[in-house]
Amino acid sequence: MKIKEILSEEGKEQKISAKGWVRTRRGSKHVSFIALNDGSTINNIQIVAEGDSFNEELIKQITTGSCISVDGELVTSKGSGQAVEILANKIEVLGAADAEEYPLQPKKHSLEFLREKAHLRFRTNTFSAIFRLRHALTFAVHKFFNDKGFFNLHTPIITGADAEGAGEMFQVTNLDLENLPKTSDGKIDFESDFFGSKTNLTVSGQLEAELGALALGQVYTFGPTFRAENSNTSRHLSEFWMIEPEVAFADLETNMDLAEEFLKYCIQYCITHNADDLQFLDKRMGDEERNLKKEERSEMGLLERLQFVLENDFVRLTYREAIDVLRNSKPNKKKKFKYLIDGFGADLQSEHERYLVEKKYKKPVIITDYPKGIKAFYMRMNEDNETVRAMDILFPTIGEIIGGSQREERLDKLQARMEEMDVDQEELWWYLETRKFGTCKHAGFGLGFERLIMFVTGMKNIRDVIPFPRTPQNAAF
Ligand code: 4AD
Ligand code: MG
């Protein structure tokens with residue numbers, strides 16, 4: 001039986017077997033108390049080993065990190081702290097863990113240290129809780145869209161396209177880098193590369209998702225995306241997972257409504273299904289923040305913050321309105337921002353986003369209608385010819401969690417934008433054909449999955465919410 005099930009068997013005394021990894025063992029010569037965890041829950045089951053069948057040699061091998069199997073009797077616990085415990089009849093050590101060498105001792109380790117032990121950090125309370133929540137959120141994403149009649153579309157990971165037009169791609173090739181084939185004019189001959197053309201890892205599944213939406217109506221992707229941007233921050237990964245819904249006949253209003261409902265659904269799903277893990281992380285965040293200076297502490301605890309997002313409408317304002325608010329804000333007037341806001345056209349930095357979300361509105365904020373110059377080529381042009389129907393959703397402590405837009409469905413306008421932004425039209429001929437044949441209004445967005453997990457778990461570094469993070473200079477494990 002899984003420990004999660006065993007712990008819910010209160011009052012039903014019975015023979016039981018369990019397997020798992022030892023968190024701690026304490027006791028005397030005559031009796032040992034073992035805290036056992038099998039990953040099914042944050043909670044441990046207590047094993048009591050008493051009597052002659054547990055010789056010193058066996059007990060000595062039951063150390064933190066070792067893997068054991070236990071047969072015994074489930075009984076009501078005599079001690080405080082747990083309702084039930086297992087009175088062991090037989091214990092077998094399946095895998096010992098040398099106590100001198102095992103890196104995870106029953107004490108607090110730093111997150112940095114645990115990142116270097118990413119192969120073992122699943123065995124800590126913090127990381128097991130995070131990865132159970134990551135699973136719950138994955139499940140919630142699929143359930144949300146499935147229940148709404150969306151179709152999950154698997155878009156390619158290897159592609160020739162640069163969906164965002166930002167040039168931050170990892171190239172995929174099997175050419176011999178020491179001996180590159182050249183064309184007659186001295187350029188690299190990609191025709192002799194594996195796919196017969198230049199290819200890269202995808203930065204987004206959006207363009208292909210649009211093709212799906214313009215036939216299947218509503219689709220979503222959920223896959224890994226790759227960005228070769230050299231930003232070594234606590235919110236950027238080189239390999240991250242993105243969820244990208246795309247909806248035919250939808251405009252930006254519908255898109256915002258969908259995104260807000262979706263985020264709230266995912267958060268509620270965790271509150272309903274992962275209460276133990278969230279309670280643990282809520283306490284963890286509280287403990288962690290007690291060591292911070294007062295002004296650096298969050299105003300709300302983790303659970304309080306999740307509840308708060310569920311109960312409040314997101315604030316919606318245009319980029320122009322946001323710029324006005326920022327220009328007249330205290331930190332701008334007192335020159336406290338690193339990047340001062342002087343007017344239309346400025347890209348919002350995370351300091352500005354955090355001011356709006358954490359200081360001014362104290363709620364998630366959706367900013368729409370950004371200047372065309374700072375957004376991708378596929379966004380729908382507004383009447384003013386200066387702004388596009390973009391939306392960014394900003395979350396407390398995270399900043400941008402979602403980016404999306406209504407798409408440019410008018411062929412002439414789309415081509416004009418591609419021309420202006422120097423996006424290769426020949427390469428994207430298939431994308432342009434959807435505008436030529438049966439085009440229609442449509443919209444979509446991309447949720448950075450790890451940023452959502454950061455918000456739900458209260459973790460402050462994105463490297464701690466993905467099992468094996470890829471960042472500049474690091475692809476270990
Ligand atoms: O804003 P982005 O670049 O938008 C797109 O890729 C669109 N194609 C989405 C769409 O409309 N279908 O990325 C979307 C989200 C961001 O809001 C952010 O949450 C996350 O992806 N993101 C990253 N997360 C981790 N590491 C990175 N390097 C990220 N870059 C973007
Ligand atoms: Mg963005």
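Trainee: How many bridges join β13 to strand β14, and do they run parallel or antiparallel?

Mentor: Keep in mind that this is a predicted model. Six bridges join β13 to β14 (residues 387–395), and the two run antiparallel.

Trainee: How many residues of β13 are buried?

Mentor: Start from the general idea: in a regular strand, side chains alternate between the two faces of the sheet. In this case, seven of the seven residues in β13 (365–371) are buried, so the strand is mostly covered.

Trainee: On to cysteines. How many disulfides does the count come to?

Mentor: The idea is to look for two cysteine sulfur atoms within 2.5 Å. By that rule the count is zero. C270, for instance, is in no disulfide: its nearest cysteine sulfur, that of C266, is 7.3 Å away.

Trainee: Is C270 buried or exposed?

Mentor: C270 counts as buried because its relative accessibility is 0%. C67 is buried too, at 17%; the cut-off for buried is under 20%.

Trainee: Last one: which residues make the nonpolar surface patch?

Mentor: I157, I158, F194 and F195 make it, and it covers about 400 Å². I157 sits in the loop between β6 (151–152) and β7 (158–159). With a relative accessible area of 37%, I157 is partly exposed.

How values were computed:
Residues numbered from 1 in each chain as written. Chains lettered and ligands numbered in written order. Predicted model: local features only at pLDDT ≥ 70, side-chain atom pairs only at ≥ 80, totals over all residues. Heavy atoms only, no water. Patch = residues over 30% accessible without salt bridge, like charges linked within 9 Å, V, L, I, M, F, W, Y side chains within 5 Å. Areas by Shrake-Rupley, 256 points an atom, 1.4 Å probe, with all protein chains shown as cover. Salt bridge = Lys/Arg side-chain N within 4 Å of Asp/Glu carboxyl O. Helix = DSSP H or I, 4+ residues; strand = E, 2+ residues; numbered from the N terminus. Buried < 20%, exposed > 50% of the residue type's maximum accessible area, 1.4 Å probe, protein only. Pairing = 2+ DSSP bridges.
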